[in-house]
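Biologist: I would like to learn how to read strands, pockets and salt bridges from a set of coordinates. Can we work through one case?

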Amino acid sequence: MATSVARMLTVVLVSMMLTPHVHAESAVELDEIVKLAPIDLGIEGGAIDPLGEKVIVYGAESYLNLLDASDPTIRTDLVWSDELQSQWINLHAGDFHPGGQTALIVGDSGEVLRYAMSDHSVTDAGGDLEFGNVDLHSVAWNPGGSWAYVGGSDGWLWRMRAAAEGDAEVHLIEGRGSSDITAIDCHTSKILCVVTSVTDGIGVIDRDHTLYWIGGTVYPWQDVHCPQVDVGQCVAVSDDRNIGVIELNSDFPGLSIITITQLTGAEGVFTGISGQNHDRSIVSVAPFALLEHDLSDDKTFPWLENTDVEDFDASIAGQRVVSTWPIDRDSGWILTDRGTLIQYHPPSQSIPGILGVWILIAIPAVTALVILSVGLSFSPSLQNWFTQKFGTAEESRMAKREARRKRRR
């Protein structure tokens, strides 16, 4: 009889263990959707201020908008000068001054705009003659905020700063390459800036504005991000799924080292990289997906799967991610080329779905069954009662017969 009881308990435990385990593929889940307009805006990206509070969104036909980083439904109309409003051009890149009160936005045909936080005005930053008709694709302020580096098509690269009467002082960087400058970002503690290009590789600009090409010439680099931590590294991505980690050498910038890793298991095309938290960066992938790169672990992890985006909203899954920004360690906003903003955050339950329910039920249930099994092994009368209640028909009759026999004694 004891064997029958043990068998019944085993069946119960096995049944519970075979309950399906359900888990989310992505490390984060999508939530609120905000659309900047009912039409495709042709957004190129977003520049977040040093405090992480405001974002300038820019794109086709001189589109500019200032958003609250935590709640993008809060927007501020930017005040354009009449002269600029008549010149619609595509804007490709932007960067806030380290002081956070102004920003530069660059675009086609040598256009450089200056945004002022004080009155939300947008004015011509000057320097049109120096930039000519070169399409500008990148801009970044150096760590001290004294100069901004501007990169464009065919390898053109300058440094610029404001001059008297709204004009600009512009100087060409010597030693430039011949392919498009795709991105520029600067590292505060190392006081160096990193430049990426389509075929000329990766370059480092020192505090004296000298450019050193350090390698990676066979990779079509698309973007670079320098987390503002003391490790002194930047992360670049190429569209053929390569991650390049640049170890900056502030004493000898030309000896900075690139370590390149191709993610053979990844799918899609890498289109950009943005900061997330501390030394973590978010890689944008097309079709719509995100990866997380951790400098401390020197590893890249899947973060948001395209299949989960499709399950959330199939119409969004076909859009291109152009920027992301954090509002907390694992939460923030995603911006797409059509002007759609999607909030992301950790799964609302740390143990999702059926798996969480299974654990909540299984742990106390298994504990109770273990206690019951121990009790049955030490109490023949309790074992007999349990068999009468839960045994087979034959076992139940035998248990009742055994109980009557013991009562007659």
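Modeller: Start with the rule for sheets: two strands pair if DSSP finds at least two bridges between them. The model is predicted. Here 4 strands form an open sheet in the order E1-E29-E28-E27, with antiparallel pairing. Strand E1 (29-35) and strand E27 (321-328) are the edge strands, each pairing on one side only. On average, neighbouring strands of this sheet are turned by 20° against each other, direction ignored.

Biologist: How many bridges join E1 to strand E29?

Modeller: E1 and strand E29 (residues 340-345) run antiparallel and are joined by 5 bridges.

Biologist: What should I look for in a hairpin?

Modeller: Strand E13 (residues 157-162) and strand E14 (residues 168-172) run antiparallel, with 5 bridges joining them. Ala162 has Ala168 in E14 as its bridge partner. This hairpin has 5 residues between the strands, and Glu165 takes a positive phi near 55°.

Biologist: Which strands does E16 pair with?

Modeller: E16 pairs with strand E15 (residues 181-187) in the antiparallel sense over 6 bridges, and 4 bridges join E16 to strand E17 (residues 202-205), also antiparallel. Cys186 has Cys193 in E16 as its bridge partner, while Val194 is partnered by Val204 in E17. In the hairpin of E15 and E16, with 4 residues between the strands, Ile191 takes a positive phi near 55°. The hairpin of E16 and E17 also has 4 residues between the strands, and there Gly201 takes a positive phi near 90°.

Biologist: Are the faces of E16 covered or open?

Modeller: In a regular strand, side chains alternate between the two faces of the sheet. For E16 both faces are covered: Leu192, Val194 and Thr196 are buried on one side, and Cys193, Val195 and Ser197 on the other. Because 6 of the 6 residues of E16 (residues 192-197) are buried, the strand is largely enclosed by the rest of the structure.

Biologist: How do I read a pocket, say the second largest pocket?

Modeller: Take its volume, then its lining. The second largest pocket holds about 360 Å³ of space. Its lining has 20 residues, and Ala266, Glu267, Ala289, Leu291 and Glu305 lie nearest its centre. Strand E24 (280-286), strand E25 (289-294), strand E26 (299-304) and helix H4 (306-312) each give two or more residues to this lining. E26 gives the most, with 5 residues. By residue class, the lining divides into 13 nonpolar, 5 polar and 2 charged.

Biologist: Which salt bridges does Arg280 form?

Modeller: The cut-off is a side-chain nitrogen of Lys or Arg within 4 Å of a carboxyl oxygen of Asp or Glu. Arg280 forms a salt bridge with Glu292, with the closest N and O atoms 3.1 Å apart. This pair links strand E24 to strand E25, 12 residues apart. Both Arg280 and Glu292 are buried. Arg280 also forms a salt bridge with Asp330, at 2.6 Å between the closest N and O atoms. Asp330 lies in the loop between E27 and strand E28 (331-336), so this pair ties together parts that are 50 residues apart in sequence. Salt bridges that share partners join Arg280, Glu292, Arg329 and Asp330 into one network.

Methods:
Residues are numbered from 1 along each chain as its sequence is written. This is a predicted model: local features need pLDDT of at least 70, side-chain atom pairs count only at pLDDT 80 or more; totals for chains, interfaces and linings use all residues. Side-chain values use heavy atoms; hydrogens and water are left out. Axes are lines fitted to C-alpha atoms, for helices over the stretch in contact, and angles run from 0 to 180 degrees between N-to-C directions. Buried means under 20% relative accessible area, exposed over 50%, partly exposed in between (1.4 Å probe, protein chains only). On a 1 Å grid over the protein atoms alone, a cavity is a set of points where a 1.4 Å probe fits but cannot get out, and a pocket is an open set with protein on both sides within 12 Å along at least five of seven lines; lining residues have an atom within 4 Å of a point. Grid points are joined across faces, edges and corners, and a volume is the space filled by probe spheres set on the points. Ala, Val, Leu, Ile, Met, Phe, Trp, Tyr, Cys and Pro count as nonpolar, Asp, Glu, Lys and Arg as charged, and the others, Gly among them, as polar.
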